[in-house]
Amino acid sequence: MTVAEPQAGSATPQPRPTRNRPRFRQWGFGLEAVLAAALLAVSAVSVWRLNRGFPNVDAVLVSDVPAGAVLVDARGPLAYRRGHAPGARHLYARNLLTFRGAIGGQLAPHDEIVAALHRIGLHPHDTVVVYGDGSGLDAALVTLVLQVNGVNARVLRGGASSLGANRSSDVPRVTPSSASFTRNARLLVTAKDSLSHIAENAVAPLDVRSDSAYEKGHVANAVQMPPSAFWGAGRLPRYADFNAMLAAARLTGDTHPLVYSDDLRSAALAWLALTAYGISHVHVVSAPFASLEQAGASVTTTAASAAVSRRSQSLCWK
Amino acid sequence: MTTFTLISGLIVGLAFGYALQRGRFCTNTGFRDILLSGDSTLFRAWALAVLVQLVGVTLLHAMGALPITVPPLWLGANVVGGLAFGVGMVLAGGCSSGTCYRVGEGLAGSLLALIAFGLGVVVTDHGILLPLERGLRAATVSDTRIGATLPEFLHLPTWVLVPPLALVTGAWLWRSGVTRYRSGGWPWQVSGTALGLVGVAGWLSSAATGRDFGLSMTGPLRTWFASLLGTPSALDWGSLLIAGLLAGSFLSALIHGELRWRVPKGQRLLQSLVGGSLMGVGAQVAGGCTIGHSLTGLSVLSLGSIVTTAFILFGAWGAGYFMFIRPMRRAMHGAPS
């Protein structure tokens, strides 16, 4: 039936029509109860989803040192000498980097890395727990390098501060190893290989430098998440905040992020958080952004993810 | 899109549409009732809905259970967009919520207004009116210079501001009697509480899909219309919310015998078209409408939402004056005593 519209826009609301009242009214209460129950269920599931921990966190973080595990201190020499976990071996993260000209720190050649692992007596079958300072940067880099070389390494939650008073200044006696380590070339990629992956659209470039560095120039189509998005106050961000930032950056579990930075330690921290979140195919560029530029990467200043940066400022550590 | 996004968006939308239709919830009608007859029934429902959300969202956020995003303060855009939306909703005969639930009831004029709303949003977002939006939004007031929320602006902790606000509003509402709206439906207490609870559920389930905002209509409508006009956008929680909203109000109208296809006369159609377009342009410029700003944004005490809502009401008052009040006064003065 078509009749003239009675009330929209008119000055006084009219009573609802009652002529066809109501064939289905007996369903009304049932529908209201169903809707209320569904709403309650959705809210409960949402609260759970928002506040759950990182699903894959056990792959990169531990709360307790397992029996028989090798402890590795990734902090600087001075901090190590002042006091470290009893028996902890020292592998300073920055000694795994080389600095060449203006490019900045990039991963040392494989033989130098292996030599460093030999010096502290590591074997590929060792279970290693790495700790650093609250920034997480050094521990993340050492853990990344160890995992790249096939060692089962994870970061100690809370870092050195979780050691409490249980510290020692004695340097443990270590028998150097001569084990061979196989490098995982998929996890840590060179600048040249990165360009091939980008050209094949096989990866999603993820810039983890600061906002200002990103604005000055970044790899074309790269989304940006600042280092603070991945780690703060000695811990991973809240699941909900991280999830929101990943959604804004359109990164999902199926994405293959190609992480680059000016500081390999920041890229390692991003790898750690992304892996803990459950993104299993993360690639880290083993050299800084400048090396990508030098290798001929297409660089632009057009922002692809301003929203991500804004979210990280407003949500992450508020 | 995950199953959870699909299901949660639809469920919240269904409940939202149902509650809107049962509560006859329309900011335009509520404000017009106050202006013309001093009836604040719908206004009280709106105040209660905001209050319930304000308390719920503040508590959940304080407990660390809910991340929130506060709409930014674009002063120029909030003022101009709010005014345009206010005028538009009077012309169209309903705000965004009112328009939606009336579409579910079968009002052709509201359907036309909704289509014009969506087109207005798209034209402003990436069409010929984009420079207007950019120009007005260029003067964004950064949240470092001035707070994006009222507590930040006043340099007060949220917990100092929210309880007194809740108490004052609650006391005013408590003193009001239980009244049903003239055209039937739920009493204002029921509709206000229901809409507030749906709003809180909206915040939660939207955040759980990574969206971090509550109920809104402008963004989701933009997604739908952009997709329909050939610029595919990923459908998200908000898109399903709109689908559920229309379905919910339709179901409610069907069940309660209030579903009728009604076609307005030509002038009303034209009014709906112009009003809907103005609403779309205004909402896109201001970054939200009476749902995104006046219902959801106010629940986080966003300054942008406060400014936009104030200017929506101001625009509605101006348009209402010329459309209803002045003609009424003229008729009264001209009428024989």
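Predicted model: local features only at pLDDT ≥ 70, side-chain atom pairs only at ≥ 80, totals over all residues.
Strands here are DSSP runs of E of at least two residues, helices are runs of H or I of at least four, and both are numbered from the N terminus; two strands pair if DSSP finds at least two bridges between them.

A:V129 has A:R154 in β8(A) as its bridge partner.

Next, a pair of helices in chain B. The axes of α11 (218-228) and α12 (237-255) of chain B come within 8 Å and cross at roughly 90 degrees. Axes are lines fitted to C-alpha atoms, for helices over the stretch in contact, with angles from 0 to 180 degrees between N-to-C directions. α11(B) and α12(B) are therefore roughly perpendicular, a label for 65 to 115 degrees. Contact means heavy atoms within 4.5 Å; among the residues making it are B:P220 and B:W224 of α11(B) and B:I242 of α12(B).

On conventions: residues are numbered from 1 along each chain as its sequence is written, and chains are lettered from A and ligands numbered from 1 in the order written. Local features need pLDDT of at least 70 and side-chain atom pairs 80 or more, while totals for chains, interfaces and linings use all residues, and side-chain values use heavy atoms, without hydrogens and water.

Conventions
Parallel < 35°, antiparallel > 145°, perpendicular 65-115°, else oblique.
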